[in-house]
Amino acid sequence: MTSLDIAHRAGVSQATVSRVLAGSPLVNAETRRRVEQAVRELNYKVDRHASSLRTQRAGTLALLLFEDPTPDDSHINPFFLSMLGSITRACARHGHDLLVSFQQLSDDWHADYEDSMKADGLILLGYGDYLAYESKLEKLVEQGTHFVRWGQVQPGQPGISIGCDNHAGGALAGRHLLERGHRRIAFLGDASSRFPEFFARYQGCDAALREAGLGMLRELQVDADSTEEAGYAATCNLLARDKPFDAIFAASDLIAIGALHALKEAGLRVPQDVAVVGFDGTPMARFADPPLTTVVQDTSRAGELLVETLLRQVRDQPVRSVMLAPTLEVRASSGG
């Protein structure tokens with residue numbers, strides 16, 4: 001069975017069949033439907049190897065997942081697990097395979113996947129210090145590598161990013177805590193340009209407080225990586241400062257869950273003594289004790305956009321960075 005047989009069955013040209021199989025947006029919906037129906041009826045299978053030789057494309061996207069510090073051997077931030085599922089499903093819908101590769105930031109991960117025909121482009125997930133790997137993103141741009149990353153969208157950054165509107169998410173958390181009567185809000189997480197996502201969340205919360213004539217206090221900010229252990233240690237540090245606070249806004253759900261443990265050990269009740277809000281919307285937030293109020297990132301839409309944007313790059317179509325709007329899921333940790 002060949003594409004010519006598909007064309008005959010669908011009543012279109014062989015070139016149109018090729019465009020449909022390649023996922024081209026230039027084919028109208030009705031024509032695409034007829035071709036896809038013919039493909040199913042004739043049980044047509046694309047010869048990926050032959051197609052790759054013709055198009056000089058691998059038909060594969062590479063997902064580079066950077067290792068995070070975790071208490072187990074997974075080295076995967078749980079936030080990225082749901083996004084990984086969304087990316088995998090999006091690749092399948094577009095007829096592409098997905099190559100998942102674990103990387104360390106110190107490795108030579110910016111080597112050119114495209115020249116070796118391993119993949120048509122890269123999706124980058126997870127990172128630590130932004131300033132430490134910004135030069136590698138610039139190298140990808142210089143090489144002409146097709147890539148898209150999940151992260152903070154900001155002016156002048158190398159390449160294309162899909163990310164959450166972290167400033168808006170921080171403002172959601174700040175306004176929510178203000179509405180609950182809280183005025184001295186601690187922030188757990190790095191609040192500097194080295195971690196732009198966390199910094200934007202801090203700034204968003206600060207902006208919400210300034211609207212009420214207040215503001216975030218630097219004496220109530222403690223650096224923390226996105227782990228439960230770091231959240232626990234940061235909360236212990238905060239308590240040791242002996243500065244009054246009535247709420248904690250944690251830069252991630254993992255940090256927030258660690259904070260809950262430290263507050264409980266210190267004999268403080270949540271939310272009666274201290275309200276706690278996290279960020280990410282991970283499934284584990286629902287099962288925290290008490291259930292965690294959190295700013296939710298749309299990982300399903302994020303995975304779809306990462307794949308769609310990368311494929312548009314591969315096809316030399318225009319692309320742009322996108323920020324997705326967050327939502328707030330109110331639970332018992334803030335009095336919900």
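**Entry 1**

I began with helix H1, residues 3–10, and found Ser3, Ile6, Ala7 and Ala10 buried. Looking down the axis of H1, I saw these buried residues fall within an arc of 100°, so they line one face of the helix. What do the buried residues of H1 pack against? I found helix H2 (14–21) and helix H3 (29–41) there. Just after H1 comes Gly11, with a positive phi of about 70°.

A reminder to myself: this is a predicted model.

**Entry 1: the whole protein**

Next I stepped back. I counted 11 helices and 12 strands in the protein. Of its 336 residues, 51% count as buried. I also looked at contacts between residues at least 6 apart in sequence, and 72% of them join residues at least 24 apart.

**Entry 2: an enclosed strand**

Five of its five residues are buried, so E3 is largely enclosed by the rest of the structure. Which residues of E3 lie on each side? Gly121, Ile123 and Leu125 are on one side, with Leu122 and Leu124 on the other.

Then I looked up the partners of E3. Strand E1 (residues 60–66) runs parallel to E3, and five bridges pair them. In that pairing, Leu65 stands opposite Leu125. Strand E4 (residues 147–150) is also parallel to E3, joined by three bridges.

**Entry 3: a sheet of six**

I moved on to an open sheet of six strands, in the order E7-E6-E8-E9-E10-E12, with mixed pairing.

Strand E8 (residues 247–250) and strand E9 (residues 275–280) run parallel, with three bridges between them. Ile248 has Val276 in E9 as its bridge partner. E9 and E10 are parallel too, joined by four bridges. There I found Phe279 opposite Val295 in E10. E10 and E12 pair in the antiparallel sense over three bridges. Val295 turned up again, with Leu328 in E12 as its bridge partner.

What lies across this sheet? Helix H10 (residues 253–265) lies across E6, E8, E9 and E10, and runs at about 155° to E9.

Helix H8, residues 196–211, has 16 residues. H8 reaches 22 Å from its first C-alpha to its last, close to the 22 Å expected at 1.5 Å a residue. Its buried residues include Phe198, Tyr202 and Leu209, and also Glu197, Arg201 and Asp206. Just after H8, Gly213 takes a positive phi of about 80°.

**Entry 4: cysteines**

How many disulfides does the whole structure hold? My search of it gave zero. Cys91 has 1% relative accessibility, under the 20% cut-off, so Cys91 counts as buried. Cys236 has 33%, which lies between 20% and 50%, so Cys236 counts as partly exposed.

Methods. Residues numbered from 1 in each chain as written. Predicted model: local features only at pLDDT ≥ 70, side-chain atom pairs only at ≥ 80, totals over all residues. Heavy atoms only, no water. Pairing = 2+ DSSP bridges. Helix = DSSP H or I, 4+ residues; strand = E, 2+ residues; numbered from the N terminus. Contact = heavy atoms within 4.5 Å. Axes fitted to C-alpha atoms, helices over the stretch in contact; angles between N-to-C directions. Disulfide = S-S within 2.5 Å. Buried < 20%, exposed > 50% of the residue type's maximum accessible area, 1.4 Å probe, protein only. Arc of directions from axis to C-beta. Expected span 1.5 Å × (residues − 1).
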